[in-house]
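Thanks for coming, everyone. Let me put the structure up.

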Amino acid sequence: MELETIAAISTPMGEGGIAIVRVSGPHAIEAVDRIYKGKHSLSTVDSHTIQYGHLLDGEAGEKIEEVMVTVLRAPKTYTREDIVEINCHGGLVSVRRVLNVVLNEGVRLAEPGEFTKRAFLHGRIDLSQAEAVIDLIRAKTDRAMNVALQQVEGRLSKLIQRLRQELLETLAHIEVTIDYPEHDVEAVTQQLLLDKAQYVQSKIEDILRTAEQGKILREGLSTVIVGRPNVGKSSLMNALVHENRAIVTDIPGTTRDVLEEYVNVRGVPLKLVDTAGIRETEDLVEKIGVERSRSELKKADLILLVFNYTERLNEEDRRLIELVRDLKSILIVNKMDLAGELDVKELQKLAGERRVMTTSLLEEQGIDELEQAIAELYFTGDVEAGDMTYVSNARHIALLNQAKKSISDAIEGVKLGVPVDIVQIDLQKTWELLGEILGDAVSESLIDQLFSQFCLGK
């Protein structure tokens, strides 16, 4: 079935040096050629070349924009269709005029993610690679971008394909033993099934071990800064962000609401949340801020609990330590440049196995050590290796967990001496679940839902 020709603005709206309008489909070159005037007709130029000329108003025939037009012929294109990319001057008026004259040539406005969707439908990429495109666009750190880029290039896809091939060969062996039982040595077949199933299980477990780190790289680590008023929470946020994002004063209760900011800490993206100081108060506005602070604690991946070195631990401090006891947290003693009242050894005892750091935010001391501690808390050992295949997508993680259960059922069946045709059911299910990651046998509604999350023009 021939798809319609589509177009969209592929660069962010606003003022800029250059804007790009992308056109893709069977009539892309023909449609743009009708409104283009240059040295050569676009229908006659070589693929993957750039032409200089002007766009014309289709009705009046007057020049509306000076352009550079890139012609890309199928199948060596992003969508495996003919593509024309019109480079025009950046700016709201110019790029919209260009898009409008293209649409007047019988071209339809693209839906969000439709270019990438067509790349998937035409088999240039599988579904896991397509989903990684949006991760690449949204990446907030170099490490997150590298992981997304590896998935776009098919790193996870190739691993999944290898596992599916192992299962397919095993399923074929089972079919032969069922059809020709007189040639089957039962003990050999059972050992083969066990070896293959355990190999696939171990590889799935290896991938799932990276799920926490992958999810953090994809979505960011929700990090809440909490503590009593005037301990230096807003100063800590400013230090991590490297700019004065939060108001800092000596007056307790200055922060009345929750402030959020994304920050890159040693390659780990943090969604940093500065909360109102938690204390008992009669101030209505501050009380609302305190309640919001408590609410943020429940959603946090990491707690940075800040204490004031110039004050002894009190009951509110102890309640906060107890409040975050079951959560991942780092305890920070601030204002170490001043005369101390807080007993750090007592705090360490209350903290248990949790790390206690010391800082002087005013003197900019202890920030590097804190950043390193945050990175080590989530990215240590094997996960630092450059050859790791991270899995970060919630859909992929869910399917891998289901596949792990299914292959575990197959292993248990073999060990219990269950007939091979019954074990075959669990192996077949594992093969199908892994295939769903790549886009085999997924519903049209799921595909539409996934690509609707993309921006226009991608």
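Is the crossing of H14 and H15 left-handed or right-handed? It is left-handed. Keep in mind that this is a predicted model.

Now the geometry. Helix H14 covers residues 394-415, and helix H15 covers residues 420-438. Their axes come within 8 Å. They cross at roughly 165 degrees. Angles over 145 degrees count as roughly antiparallel, so H14 is roughly antiparallel to H15.

Who touches whom? On the H14 side, the contact residues include Leu399, Leu400, Ala403, Ile407 and Ala410. Arg395 and Asp409 are also among them. H15 answers with residues including Val423, Leu427, Leu433, Leu434 and Ile437. Asp426, Lys429 and Glu436 take part from H15 too. By class, the contact divides into 11 nonpolar, 5 polar and 5 charged residues.

What lines the cavity? H5 supplies the largest share, 4 residues. Among the lining residues are Ala144, Val147, Ala148 and Gln151. Others include Asp135, Arg138, Leu217 and Arg218. Ser392 is on the list as well. The lining splits into 6 nonpolar, 3 polar and 3 charged residues.

Over to you for discussion.

Terms used. Residues are numbered from 1 along each chain as its sequence is written. This is a predicted model: local features need pLDDT of at least 70, side-chain atom pairs count only at pLDDT 80 or more; totals for chains, interfaces and linings use all residues. Side-chain values use heavy atoms; hydrogens and water are left out. Axes are lines fitted to C-alpha atoms, for helices over the stretch in contact, and angles run from 0 to 180 degrees between N-to-C directions. Helices (H or I, at least four residues) and strands (E, at least two) are DSSP runs, numbered from the N terminus. Angles under 35 degrees count as roughly parallel, over 145 as roughly antiparallel, 65 to 115 as roughly perpendicular and the rest as oblique. A crossing is left-handed if the near helix is turned anticlockwise from the far one by less than a right angle, and right-handed if clockwise. Contact means heavy atoms within 4.5 Å. Ala, Val, Leu, Ile, Met, Phe, Trp, Tyr, Cys and Pro count as nonpolar, Asp, Glu, Lys and Arg as charged, and the others, Gly among them, as polar. On a 1 Å grid over the protein atoms alone, a cavity is a set of points where a 1.4 Å probe fits but cannot get out, and a pocket is an open set with protein on both sides within 12 Å along at least five of seven lines; lining residues have an atom within 4 Å of a point.
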